Amino acid sequence: EIVIIDAENLETVCRLLTEQGFRLIRNTGEECDMSYYGEEYEIKSHIDYYNDKCREIFCNVFDDACSTRINDREYRLKPLYHLTYITYHLLIHFKAGGAGIRQLTDIDVILRNESIDLNEFFDLCEQIGIKKSASVLVSLARRYFDTPVNFDYPIGEELLSMLENVMLIS
């Protein structure tokens, strides 16, 4: 799990979590890796960027342009940006060789429960250079989980086999 904290509170949050039983694995000053009963958490002051367009889109997750304020202290990415980030983050894991089927279910859950304009989503993905990969992932979600989207991207058997091998052994 990833939690984004404003930079000035990162150290305080990591200290408080440690006091509550979280185990500190690593602290770089910009992020803390922690575990709690076997679950790992990344506490960060930023979203990792794939390119300059990602940096522009996700430059400040505490901005009303891409997030919704839940209360005075909690922000959630708006559904379009959440789906884009989840897709982008899954691709980072694919590149590292470790994306599992659970991460694909995240795409299904967002598409199933949020009203997202797929054209707008794919336009945003095109801007950050992941449109083809995002198309494949949405099609996989539809194929495996019957995700209720009117979209299908042709996936060749060789690519499908490779993706299944990575997702099923990760």
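Reply: The account below begins with the aromatic pairs and then turns to a serine and a threonine.

This is a predicted model, in which local features need pLDDT of at least 70 and side-chain atom pairs count only at pLDDT 80 or more, while totals for chains, interfaces and linings use all residues. Residues are numbered from 1 along each chain as its sequence is written, and side-chain values use heavy atoms, with hydrogens and water left out.

A pair of aromatic rings is described by the distance of the centres and the angle of the planes. Rings of Phe, Tyr and Trp (its six-membered ring) pair if their centres lie within 6.5 Å; planes under 30 degrees apart count as stacked, over 60 as edge-to-face and the rest as tilted. Across the whole structure, 7 aromatic pairs are found. One of them joins F121 and F122, a tilted pair with 5.1 Å from centre to centre and 55 degrees between the planes. F121 has a relative accessible area of 0% and is therefore buried (buried means under 20% relative accessible area, exposed over 50%, partly exposed in between, with a 1.4 Å probe and protein chains only). F122 is buried as well, at 6%.

F122 also pairs with F151: the ring centres are 4.7 Å apart and the planes stand at 35 degrees, so this pair is tilted. The pair links distant parts of the chain, since F122 is in helix α5 (residues 118-128) and F151 is in the loop between α6 (131-145) and α7 (157-169), 29 residues apart. Helices (H or I, at least four residues) and strands (E, at least two) are DSSP runs, numbered from the N terminus. F151 is buried, as is F122.

Leaving aside neighbours within four places in sequence, S139 is in contact (heavy atoms within 4.5 Å) with F151, D152, Y153 and I155. A polar atom of the S139 side chain lies 2.6 Å from the backbone nitrogen of Y153. S139 counts as buried because its relative accessibility is 3%.

The loop between α6 and α7 also holds T147. With a relative accessible area of 1%, T147 is buried. Beyond its neighbours within four places in sequence, T147 is in contact with D108, L111, R112, A141 and R142.

Elsewhere, ring pairs link F22, Y36, Y37 and Y41 into a cluster.

Terms used:
Polar contact = N/O pair within 3.5 Å; in protein donor to acceptor, adjacent residues only side chain to side chain.
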